[in-house]
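Please look over the sequence and the fold before reading on.

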Amino acid sequence: QVQLVDSGGGSVQAGGSLRLSCAASGSLASRYYMGWFRQAPGKKREGVARIDIVGAGTYYEDSLKGRFTISRDNAKNTMYLQMNTLKPEDTGKYYCAAAPANTGFTTSFPEHDCPYWGRGTQVTVSA
């Protein structure tokens, strides 16, 4: 069983930065791919970024490349999402998730492959 606690959201002005954290506890936490999803008001949840087990491979939704950086520290069982140059369209609730390595999560963002989720942290970017 893996428990995820996401945090670090807040309200910022456009152009600002935030760093989200996802603390993982429980066994096997360092054996899962991890990632971030977000859900804007009135929209479907979408994949943002994901990272492999050792942190060597990172993948981003195309429009976010260059502004967002995902990382993980397995010694601390924590994943991060550094978000820079934030835009109002980045507003939404951000969720961390974990998926086993032998799933489609290694190549895309299938929510059904993620058995573990954080409760979400709100990010609000004002113009």
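A charge is said to sit over a ring if NZ of Lys or CZ of Arg is within 6 Å of the ring centre and within 35 degrees of the ring normal. In this predicted model, the charged end of Arg 45 sits over the ring of Tyr 95, 4.8 Å from its centre. The charged end of Arg 45 also sits over the ring of Trp 117, at 4.0 Å from the centre of that ring.

Trp 117 leads on to the contacts between rings. Ring pairs join Trp 117 with Phe 37, Phe 105 and Phe 109 in a cluster. Over the whole structure, a search finds 5 aromatic pairs. One of them is formed by Phe 37 and Phe 105, whose centres are 6.2 Å apart with 25 degrees between the planes. This pair counts as stacked because planes under 30 degrees apart are classed that way. Where in the chain do Phe 37 and Phe 105 lie? Phe 37 is in strand β4 (residues 32-39), while Phe 105 is in the loop between β9 (92-100) and β10 (116-117). The two residues are 68 residues apart, and the pair links distant parts of the chain.

Notes: Residues numbered from 1 in each chain as written. Predicted model: local features only at pLDDT ≥ 70, side-chain atom pairs only at ≥ 80, totals over all residues. Heavy atoms only, no water. Phe/Tyr/Trp six-rings, centres within 6.5 Å; stacked < 30°, edge-to-face > 60°. Helix = DSSP H or I, 4+ residues; strand = E, 2+ residues; numbered from the N terminus.
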